[in-house]
Amino acid sequence: MNRVVMIGNLTKDPELSETPGGIKVCRFSIAVQRRFSNAEGNREADFFNVIAWRGLAESVSKYLVKGSKAGVTGSVQTRSYDAQDGSKRYVTEIIAEEVEFLSQRKTENARPSVDELEEITDDDLPF
């Protein structure tokens, strides 16, 4: 079984691109805090590269930004490639099956929060 579940914050804005075949792919990374503090009392974080495909890729690029909290469910995948210096490099990535948006993205046409609503009286109503 190859299953990963993690919650973290994006370390930079997601990067949406398209394969030569026209399939959308979005790459992003998240920082996930460890459960326990280190010897100095600080909670360290691990950084994971995540890849989302197709419709999920478009949603991630549209609604998440650097600092957004997201829950990711998927699988771990390792690939290798030959670097320019001739050495073999290995990359481990999380292939997202689901991404849950755990914080809101502020947009110009987003609905205002309750705190931002203007108070009106009965006299202000047109009926």
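Me: In which sense do β1 and β5 pair, and over how many bridges?

Reply: Two strands count as paired if DSSP finds at least two bridges between them, and here β1 and β5 pair in the antiparallel sense over 6 bridges, with V5 having T73 of β5 as its bridge partner. Strands (E, at least two residues) and helices (H or I, at least four) are DSSP runs, numbered from the N terminus. This is a predicted model, in which local features need pLDDT of at least 70 and side-chain atom pairs count only at pLDDT 80 or more, while totals for chains, interfaces and linings use all residues. Residues are numbered from 1 along each chain as its sequence is written, and side-chain values use heavy atoms, leaving out hydrogens and water.

Me: How many bridges join β5 to β6?

Reply: These antiparallel strands are joined by 13 bridges, and G71 has E100 of β6 as its bridge partner. β5 and β6 form a hairpin with 5 residues between them, where G86 in the turn has a positive phi of about 90°.

Me: Which residues touch the most other members of the largest nonpolar core?

Reply: In soluble globular proteins, nonpolar side chains tend to be buried together. A nonpolar core is a set of buried Ala, Val, Leu, Ile, Met, Phe, Trp, Tyr and Cys residues joined through side-chain atoms within 4.5 Å, where buried means under 20% relative accessible area, exposed over 50% and partly exposed in between (1.4 Å probe, protein chains only). Here the largest core has 17 residues, of which M6, F28, I30, V50, V60, V72 and V99 touch the most other members; its largest share, 4 residues, comes from β3.
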